[in-house]
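Reader: I am new to this structure and would like to know what lies behind the terms used for it. Please take them one at a time.

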Amino acid sequence: MSRMAKVYAITVLVMFIWGMNLPLLKYLLTYVGPITLTGFRILLAAISVFVILSVMGLVRLPRGKEWLYIAGGALLNVTIHHYFLNVGLTQTSGTSAGLILGTGPVLTAVLTALILRNYPSRLQWVGVAFGFVGVSSVTLLNGGEFTGLSMADSFIFIAILTQVLSFLIIAKAARTLDPRLLTGYMLLIGSIILIVLGFIQEPGEWRVMLETPPKFWLGFAVSGIVGTAVGHMLYNAAVGEIGPTKAAIFINLNTLFSLLGSVVFLGETLTVRHLFAFVLIIIGVILGSGAAQDLWKSKKQKREEMERTT
């Protein structure tokens, strides 16, 4: 397996982890307020990242401009993204949220072209379009009709926009700072801010959290360590390796895996129309990630080598 194929496979694994994490988060939120839960869950993730990286011997203090990348990433990717996402999700429909979150790869492609001057190929744009149609189809099938934007929908858009902007920061920071270490610092700083916001906006929720049953803490540990710590480490490493646009297109798979997780754990129904939407999403990922181009180039090189040897 080539290096790029390994990166693609790992990114798909991350989407599976995040997709399975969604129904788990829905369960955890039945016990504790969203901001308080998110703050402490991300703090656990930050601690887990530093433990893992310490074993690997990769922990060091940032230097110079790396602090600016960490601060920007923590503010955009952790604090603002999670705050507005949680607030928006409690006030809007799943349909609206899904459609807006589905614009992530499109926004990433556009902003990467405008800011980093890294222009996606025509085939990648086609993949982005396929993915967006697929996500839209799943969302509409699951939640009904899209009736327009509300203030809560604006919060969801702010959440996805700040996440997309953070991908650009991660891509630039990866030139000197290991994205996995960047993830640890981002999660640590962002979690502290969210915990403070939780104390202000959800006073008393931390006491409620202490009184939750053991099964809550088991889910909390799995979500924080596997879903957030390991998931974000691997994904941010992929952003540094293959770039924001290619990495972002895989986010569409999150919709697929989260629905599958809801079918398995929450008893929701999967229809033939959902399967059709999934096919569109998979086509979009293959084209938009560049996997199709890489495969075509690989076969072309092998054919040329065979022609030279004959």
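Reader: In which hand does α8 pass α10, left or right?

Author: The model is a predicted one. In it, α8 passes α10 in a right-handed crossing. The label applies because the near helix is turned clockwise from the far one by less than a right angle.

Reader: What makes A237 partly exposed?

Author: A237, which is found in helix α10, has a relative accessible area of 25%. Buried means under 20% and exposed means over 50%, so A237 with its 25% is partly exposed. Setting aside neighbours within four places in sequence, A237 is in contact with P179 and R180. A237 and A247 are 10 residues apart in sequence, and their C-alpha atoms are 9.7 Å apart.

Reader: Which residues of α2 and α10 meet, and how do they divide by class?

Author: On the α2 side, the residues include L37, F40, L44 and V49, and on the α10 side they include F216, F220, I225 and M233. In the contact of α2 with α10 there are 14 nonpolar, four polar and one charged residues.

Reader: What makes α1 and α10 roughly antiparallel?

Author: The axes of α1 and α10 come within 9 Å and cross at roughly 150 degrees. The cut-off for roughly antiparallel is over 145 degrees, so α1 and α10 are roughly antiparallel to each other. Their crossing is left-handed. The residues of this contact divide into 20 nonpolar, seven polar and three charged.

Reader: Which residues touch the most other members of the largest nonpolar core?

Author: They are M15, L182, L187, Y235 and F250, in a core of 45 residues. Elements that give two or more residues to this core include α1, α2, α8 and α10. The largest share, seven residues, comes from α2. Apart from neighbours within four places in sequence, L182 is in contact with Y69, I70, I170, A173 and L177. A second, separate core has seven residues, among them L37, M209, F216 and F220.

Reader: How many helices and strands does the chain have, and what share of its residues is buried?

Author: The chain has 14 helices and zero strands. Buried residues make up 47% of its 310 residues. Of the contacts with a separation of 6 or more, 89% are between residues 24 or more positions apart.

Technical notes. Residues numbered from 1 in each chain as written. Predicted model: local features only at pLDDT ≥ 70, side-chain atom pairs only at ≥ 80, totals over all residues. Heavy atoms only, no water. Helix = DSSP H or I, 4+ residues; strand = E, 2+ residues; numbered from the N terminus. Core = buried A, V, L, I, M, F, W, Y, C linked by side-chain atoms within 4.5 Å. Buried < 20%, exposed > 50% of the residue type's maximum accessible area, 1.4 Å probe, protein only. Contact = heavy atoms within 4.5 Å. Nonpolar A, V, L, I, M, F, W, Y, C, P; charged D, E, K, R; others polar. Axes fitted to C-alpha atoms, helices over the stretch in contact; angles between N-to-C directions. Parallel < 35°, antiparallel > 145°, perpendicular 65-115°, else oblique.
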